[in-house]
Amino acid sequence: MNSRPGFLARFMRMHVAVVGFAVFGVILVACVAAPLIAPAPPDAINLDTALKAPSLHHPFGTDPFGRDVLSRVVHGARISLGVGFLARTISLIIGLVLGAIAGYFGGKLDALLMRLADITFAYPTLLLLIAVIAVLSPGIVSLFVTLGVVGWASVARLVRAQVLSVKEREFVQAARASGAGHANLLVRHILPQCLAPVLVIYTLGLGMTIMAESSLSFLGLGVQPPAPSWGSMVSGGIAFMRVAPWLAFFPGLFLTLTVCSLNLIGDGLRDALNPRTAAPAPALVAPATGSGGPAVRKGH
Amino acid sequence: MKTFIARRLLLLLPILWGVATLTFFLMYVVPGDPVRTIAGERYDERTLAAMRAELGLDRPLVIQYVHFLGGLARFDLGRSFVTRRPVAEAIRERFPKTLVLALSAMFIAIVLGVFIGALAAWGRVPGLSRILMTFSLVGVSIPVFWLGLLLIYLFAIKLSILPPSGYGGGSIRNLVLPAFTLSFASMATIARITRSGFLDALGEDYVRTARAKGLGERAVMGKHVMRNALIPVVTIVGADFGSYLSGAVLTESIFGWPGLGRFIVQAILKRDFPVIQGAVLFMATTFILVNLAVDISYGFIDPRVRSGGGER
């Protein structure tokens, strides 16, 4: 395993990563405890208090229906993070299985799967998402199916490369010589070696998945109103930019903070799990290459 | 070099075919009957059948697929369900506007990104490096659509110095905000890559040699450091082209820019499948060709790429 005792210490030494962890922790707590934090239910309409500016009573103001924006933002966190985690986990499972099969068995199957990955990569990410969503018709279920299925390729490539680099090592050969079957070899001996980079790509991809969800919801192709999602809240705020800028401001701020913190955690994890690539000076500088590099830029 | 280009071109064909095939079949797993969706409730069975025949939807899937590929070879992407206009014609009309936006954004990203990255690596301004690197983190984390709105709020609503949205007959004033918005993420990445490229190059022996032989700071930076530091930037610019196309979908929607991205979104809301199919296919092909061009130009800049066959 890559996580030697020094892992936690190394991670803690990267202050910005710890900051990222703290920020994400706060958002996660807000999301779990949403009903406790929210001053009102997210869909409680009260036309008397429509479009009120932020105040003590409504810290993030109210929307045209008098709904409390803070309440909608914390409940929106549940949808954005929920869809993000679920979709990313689907990508992870598909990518892990297909990548492991491709790397372990090789041959025609490997070639076929990798060409399929090439084709997936040939699309600008958001466009492929849009094309798939168009077919499934917009909605929350098609959202995480789409995000989950489209994200498999980068995980599969990474896992395949890891499996290839591990499968001829002595301990695997020893296990094979002592009669371990394919499934046993893969699950017990090879895949544990892939966990560290997979964790990094999961975290970095999570931020991008949440961003993609919000982008689709912003375009009206994801979560449909009145369900609160950060993307659709920002898009709903456009018409009121002049009179009520807080409508678009707060959900966008939370989205940015979430993606930011996940990127920091991902960079920190990568450096902590693999000290060789860690940048010496300011910890903010991630190495230009590395498993997470391309993932950071995907999905814009 | 010739074999390198030939090999890349050969690899291109199966990918293009794969993208075309995937896009085609995606649109055919659509639940429900597209004709019924277009026609709504108003038409009887006979009109629907006539429409189906006109659009070629009554033929077997394989025939439709062959017809589709044949059409592609002639740059014929079919007709819009809604307006009946040829999709290729609409793309020809709108793509230049997306291209103007993407290229301006790319220009801003390269100029400002390299400048910021180089400034951070130069390290003569205390604290600057940290601020700029924070900027580069925020840059890749901030949603394009939210950044666009913040800029509209600041420059169009509060300061009233730039128009909030619209094409404005292609005037520069209308281009500034969308182009800057679209450039932001890429600018941040370029700044980051440039900084580490400069730092690496600054530590090289040939830089010490150049300094030792008495070259001025300008000559050292310009001639020796810059050239080597910018090689990775070329790759990033190419790889980021996809994010310009994706980002254009969002940026155009916020700023009411009449390009291809906004066209696709409108087509989805109307369930106009030939338009979605054609426009997505067109954008993906553009992306693939740009990546190819970057790969090839990389081969020119850095001879090591040509010999090593094991890319990816």
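In this predicted model, helix 9 and helix 10 of chain A cross in a right-handed manner. Helix 9 covers residues 170-177 and helix 10 covers residues 182-190 of chain A, and their axes come within 11 Å at a crossing angle of roughly 145 degrees. On the helix 9 side, the contact is made by F171(A), V172(A), A175(A) and R176(A), while helix 10 puts in L185(A), H189(A) and I190(A). Sorted by class, that contact comes out as 5 nonpolar residues, 1 polar and 1 charged.

Moving from the inside of chain A to its partner, 42 residues of chain A are in contact with 52 residues of chain B. Helix 5 (107-121), helix 6 (125-136), helix 11 (195-218), helix 13 (246-273) and helix 14 (293-297) of chain A each give two or more residues to the side that touches chain B. The top contributor to that side is helix 6 of chain A, with 8 residues. As for class, the side of chain A that touches chain B has 28 nonpolar residues, along with 10 polar and 4 charged ones.

Over in chain B, helix 5 is worth a look. This helix runs over residues 87-122 of chain B, 36 residues in total, and spans 50 Å from its first C-alpha to its last, close to the 52 Å expected at 1.5 Å a residue. Helix 5 of chain B does have a kink of about 30 degrees, placed at R94(B), shortly before the proline P96(B). Just after the helix, G123(B) takes a positive phi of about 70 degrees.

The model scores ipTM 0.83 and pTM 0.84. Chain A has an average pLDDT of 81, with 89% of its residues scoring at least 70. The stretch to be careful with is 277-300 of chain A, where the pLDDT is below 50, although this stretch has 63 contacts in the model beyond near neighbours in sequence. For chain B the average pLDDT is 82, and 92% of the residues score at least 70. Among the elements of chain B, mean pLDDT is highest for helix 7 (residues 144-158), at 91, and lowest for helix 15 (residues 303-307), at 60.

Technical notes: Residues numbered from 1 in each chain as written. Chains lettered and ligands numbered in written order. Predicted model: local features only at pLDDT ≥ 70, side-chain atom pairs only at ≥ 80, totals over all residues. Axes fitted to C-alpha atoms, helices over the stretch in contact; angles between N-to-C directions. Helix = DSSP H or I, 4+ residues; strand = E, 2+ residues; numbered from the N terminus. Left-handed = near helix turned anticlockwise from the far one by under 90°. Contact = placed C-beta atoms within 7 Å. Nonpolar A, V, L, I, M, F, W, Y, C, P; charged D, E, K, R; others polar. Expected span 1.5 Å × (residues − 1). Bend = angle between axes of the 7 residues up to and from the residue. pLDDT = per-residue confidence, 0-100.
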